[in-house]
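Hi,

Here is the structure I promised to send over. Please have a look at it first, and then read on for my notes.

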Amino acid sequence: MSGNIQLLSDTLAGARAEGRAALIAYLPAGFPTVDGGIEAIKAAFDGGADVVEVGLPHSDPVLDGPVIQTADDIALRGGVKIADVMRTVKETYEATGKPVLVMTYWNPIDRYGVERFTAELAEAGGAGCILPDLPVQESALWREHAEKHALATVFVVAPSSKDARLAEITAAGSGFVYAASLMGVTGTRESVGAQAQDLVERTRVAGAGADLPVCVGLGVSNAAQAAEVAGFADGVIVGSAFVKRILDAPDDKAGVEGVRALAGELAKGVRRQA
């Protein structure tokens, strides 16, 4: 079975055709439980998310702030395995027909085996992977297998990325480019800032030949911020705010409803660009 990179591309193109940014939600697999995480992801789609990133919990998530670190710790203490991540992708894709990516650090894939990981992700109906700590110059093996299985390879760029680096990443990547809005870790912020808009513009110029959508993450937590980012980006990525809804909920059912409600608020935000 082939992966769903085309579904991802069509979804992002469809949002652009509607004159809006796509809403991309992030939730870790196995949080608060494997079944509970699957229900939360379905709720994010129900609420209006166009794409969901499923986090592969890691013991040393260098890009992630305290909220997602807490969720990862809960998932790992619950015994989550890569098989559970694949099951999460498979069940949410089959239930919704919408693009589901995995966001993971490189070490778990390296230990699991690139061919095995890409084959299983494609078999589960996954659309690709976001790989925040895989240097583009060391990504040939991954990209070979990802392309073989029709999976997107999404690299992360930051405000510190030089133009030459942006050109290299946009040439090698597929699906979209993940633009980190600021230097630092994930988490909600009072303001997303002007750095993000500048990074999006520089990435588009550097990758003019690739024409990859540029989606912005890190810091977006409410409809007003989503509207601001939607004014200049192709996609708005929200993670910590969804995780926080589950952490703050009195029970799993309330957490799922919190995710659905937040997705609805953010979906309205991306449709009323600031």
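Predicted model: local features only at pLDDT ≥ 70, side-chain atom pairs only at ≥ 80, totals over all residues.

The chain has a mean pLDDT of 92, with 93% of its residues at 70 or more. One stretch to treat separately is residues 183-189, where the pLDDT is below 50. Beyond near neighbours in sequence, that stretch still has 28 contacts in the model.

Next, the largest pocket. Its volume comes to about 170 Å³, and 13 residues line it. Lying nearest the centre of this pocket are L12, A13, R16, P213 and D234. Which helix gives the most to the lining? That is α1 (residues 5-17), which supplies four residues. Sorted by class, the lining of the largest pocket is made up of six nonpolar, four polar and three charged residues.

Now for the helix pair. Two packed helices are described by the angle between their axes and the distance between the axes. For α10 (residues 223-230) and α12 (residues 252-271), the axes come within 7 Å and cross at roughly 35°. The crossing of α10 past α12 is right-handed. On the α10 side, the residues that meet α12 are A223, A226, A227 and A230; their partners in α12 are E265, L266, G269 and V270. By class, this contact has six nonpolar residues, one polar and one charged.

Best wishes

Definitions and conventions: Residues numbered from 1 in each chain as written. Heavy atoms only, no water. 1 Å grid on protein atoms, 1.4 Å probe; cavity = no way out; pocket = protein on both sides within 12 Å on 5 of 7 lines; lining within 4 Å. Points joined across faces, edges and corners; volume = space filled by probe spheres on them. Helix = DSSP H or I, 4+ residues; strand = E, 2+ residues; numbered from the N terminus. Nonpolar A, V, L, I, M, F, W, Y, C, P; charged D, E, K, R; others polar. Axes fitted to C-alpha atoms, helices over the stretch in contact; angles between N-to-C directions. Left-handed = near helix turned anticlockwise from the far one by under 90°. Contact = heavy atoms within 4.5 Å. pLDDT = per-residue confidence, 0-100.
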